[in-house]
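Dear colleague,

I am passing on the structure we spoke about, together with some notes on what was found in it. Please have the sequence and the structure open while you read.

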Amino acid sequence: MLSAKSLFQEIVDNDESFRLFCSIAASGESQGGWENARIAALVPESERALAPKITRHGADEDKHGRIFNALLRKRGLEPVEVPPETDYTMLLERQGIGLAHEKLGADQPLTVRDVITYLAHSRVTEQRAAEQMAMLLKHFADHPDLGRAVRMISADEDNHLAYSHEELLRYTAAGHGPYIRRTLRECALAEIRVHRDVSLAVMARMGHLLGWSRARSALLAAGIHATYAWERLAGRRRMATLRPPTPALRDALGGPATAAPEVA
């Protein structure tokens, strides 16, 4: 009854919980699209060759936001306002992770270190995104409504993760290794803390919408806390290490973005 598949199936089957899930996902993806577009516009001249890949990353995130909104329209649902305690991207910014929106909203060129900070943030958050989409892919790849969207978004997240590894390794070879390692550690520690807090907030909202018992909600919360403890102790290393992409994923963002599927 508490498997990932059964929990998500319960969320998908209820209009209000599905509405909240898609609204949170669409908001986060759209925010990522804006951030990447601004970073691409502000990269320093010495790094302009990276701008098309950052632009592609942002276009993918925008596409994902449209996909989640299309899934809502297909069910005849409208997005809801995202509760602040579930806003993953904004909570990370408040922790000082990534590039501040104030910096991105200005017209001053970024520095090389800013670009590295962005890539380290991407490497950590895309790890989470790729793992979550892999879970959904495992259970819902053949779902009549979600399957095509899940397959496309999962492939994109794998590309984003490979790209961040590849670019950070390039900067490591250029002498930025100490800063990259320190930034990855800081990002990983902050991300697992924010992920715990957001997971607890989302599960509390879902429990209210779905009428979960106190015992069930408490058990789910305990599982979230246990996952956080494991990640704090050992699991964060998977987010703070770098490895070359497989041959199939080299230069993963070197081409144009793919179009969104017609899911609505």
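A helix here is a DSSP run of H or I that covers at least four residues, and helices are numbered from the N terminus. Please keep in mind that this is a predicted model.

Because partly exposed stands for a relative accessible area between under 20% (buried) and over 50% (exposed), D15, at 36% relative accessibility, counts as partly exposed. Leaving aside neighbours within four places in sequence, D15 is in contact with R75 and L77. The side chains of D15 and R75 make a polar contact at 2.9 Å, and the C-alpha atoms of these two residues, which are 60 residues apart along the chain, are separated by 7.9 Å.

Helix α3 (residues 51–74) has 24 residues and reaches 35 Å from its first C-alpha to its last, close to the 34 Å expected at 1.5 Å a residue. Just after α3, G76 takes a positive phi of about 70 degrees.

Not counting residues up to four places away in sequence, R196 touches I224, H225 and Y228.

Terms used:
Residues are numbered from 1 along each chain as its sequence is written. This is a predicted model: local features need pLDDT of at least 70, side-chain atom pairs count only at pLDDT 80 or more; totals for chains, interfaces and linings use all residues. Side-chain values use heavy atoms; hydrogens and water are left out. Helices (H or I, at least four residues) and strands (E, at least two) are DSSP runs, numbered from the N terminus. The expected span of a helix is 1.5 Å times one less than its number of residues. Contact means heavy atoms within 4.5 Å. Buried means under 20% relative accessible area, exposed over 50%, partly exposed in between (1.4 Å probe, protein chains only). A polar contact is a pair of N or O atoms within 3.5 Å; within protein, one must be able to donate a hydrogen and the other to accept it, and residues adjacent in sequence count only if both atoms are side-chain atoms.
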